[in-house]
Amino acid sequence: MKRVNEEMSFWDRLYIPALIKGMFTTLKHIPKKKFTYQYPEDPRSVDERGDRYRGIHKLTKDEDGHIKCVACFLCATACPADCIIIKAAPAPEGYKTKEGYQREKYPENFEINMLRCIFCGYCVEACPEDAIRMTSITLPQYFRENPKDGKILGGSRNDFIFDRDMLVANNNHDVIKEKYQKGLSVLS
Ligand code: SF4
Ligand code: SF4
């Protein structure tokens, strides 16, 4: 190995051997299997996601089928992009805490502006109720699978504001993900 202050030889100063060596390394990798996909042209770049990929959020439900969120605002406070808006309201009758007591609050609305979101996952970390999680679904995937009136959404800013019901509906995306993993059509 050459030391930093060592004087360069004639061949070093030509740079040609180093160039040839670099080109050889490049050529050597051309026929090898690729691990990267062109985004978003190659559908695999959108469809193939690891379990730990941080995609769009979902609001989880308890065993009674009620939204788990207790409208404590911790996720909104932790969010560095300031993209969560929660409207708290008294929880309807039957919304129970983990201990079985009537809950005080629930989110009348819960919005995430996906255009502002940086998918950092801080909201998930902050939640004391495991009420918000991230799916491995990307926004292009979501829009492709949820056309409205036959049109693919994502053309206007409003399409990126996910309200409470959309976030709850994202629980179904686990089914979609499973289909992707098994190579089945997600449209069936
Ligand atoms: S993932 Fe990060 S930026 Fe997005 S809503 Fe959660 S805390 Fe905010
Ligand atoms: S999602 Fe979790 S952290 Fe956010 S308001 Fe609901 S309970 Fe609180």
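How many of the 14 residues of α2 are buried? The number is zero, so helix α2 lies largely in the open. This helix spans residues 16-29. From its first C-alpha to its last, α2 reaches 20 Å. That is close to the 20 Å expected at 1.5 Å a residue. The model described here is predicted.

The overall make-up of the chain comes next. The protein chain holds eight helices and five strands. Along the sequence, these elements follow the pattern α-α-α-β-α-β-β-α-β-α-β-α-α. The chain has 188 residues, and buried residues make up 18% of them. Contacts were also sorted by separation along the sequence. Among contacts between residues at least 6 apart, 69% join residues at least 24 apart.

Three of the strands form an open sheet. Their order is β2-β3-β5, and the pairing is antiparallel. Strands β2 and β5 stand at the edges. Each of these two has a single partner strand, so one side of each is left without a neighbour in the sheet. Strand β2 covers residues 84-90, and seven bridges join it to β3. In this pairing, Ile84 stands opposite Ile112 of β3. Strand β5 covers residues 161-162, and two bridges join it to β3. Ile112 has Phe162 as its bridge partner in β5. Asn113 is bridged to Ile161 of β5.

The largest nonpolar core has 21 residues. Leu59, Cys69, Tyr106 and Ile132 have the most contacts inside this core. Strand β3, residues 105-113, gives the most to the core, with three residues. Ile132 touches several residues that lie beyond four places away in sequence. These contacts are His57, Leu59, Cys75, Cys123, Val124 and Cys127.

Ligand 1 has 14 residues around it. Cys79, Cys117, Cys120, Tyr122 and Cys123 come nearest to ligand 1. By class, its shell has 13 nonpolar residues, one polar and no charged. Ligand 2 has 13 residues around it. Here Cys69, Cys72, Leu74, Cys75 and Cys127 come nearest. The shell around ligand 2 has 12 nonpolar residues, no polar and one charged. Some of these names return from the core. Cys69 is among the residues nearest ligand 2 and among those with the most contacts inside the core. Cys75 and Cys127, nearest ligand 2, are both touched by Ile132. Cys123, one of those nearest ligand 1, is touched by Ile132 too.

Several loop residues deserve a separate look. Arg54 lies in the loop between α3 (44-47) and β1 (57-59). Is Arg54 buried, partly exposed or exposed? A residue needs 20 or more other C-beta atoms within 10 Å to count as buried. Arg54 has 17, so this residue is partly exposed. Beyond its neighbours within four places in sequence, Arg54 is in contact with Phe119, Gly121 and Met134. Arg54 and Ile118 are 64 residues apart in sequence. Their C-alpha atoms are 9.7 Å apart in space.

Thr97 is found in the loop between β2 and β3. With 13 other C-beta atoms within 10 Å, Thr97 is partly exposed. Thr97 and Asp62 are 35 residues apart along the chain. Their C-alpha atoms are separated by 9.5 Å.

The backbone angle phi was also checked. Most residues other than glycine have a negative phi. Which way does phi point, positive or negative, at Tyr15? Tyr15 has a positive phi of about 65°, although it is not a glycine. This residue sits in the loop between α1 (10-14) and α2. Tyr15 is exposed, with 11 other C-beta atoms within 10 Å. Phe73 also has a positive phi, of about 70°, and is not a glycine. Phe73 is placed in the loop between β1 and α4 (74-78). Phe73 counts as partly exposed, with 14 C-beta neighbours inside 10 Å.

Technical notes
Residues numbered from 1 in each chain as written. Chains lettered and ligands numbered in written order. Predicted model: local features only at pLDDT ≥ 70, side-chain atom pairs only at ≥ 80, totals over all residues. Near = placed C-beta within 6 Å. Nonpolar A, V, L, I, M, F, W, Y, C, P; charged D, E, K, R; others polar. Core = buried A, V, L, I, M, F, W, Y, C linked by C-beta atoms within 7 Å. Buried ≥ 20, exposed ≤ 12 C-beta atoms within 10 Å, placed from the backbone. Helix = DSSP H or I, 4+ residues; strand = E, 2+ residues; numbered from the N terminus. Contact = placed C-beta atoms within 7 Å. Pairing = 2+ DSSP bridges. Expected span 1.5 Å × (residues − 1).
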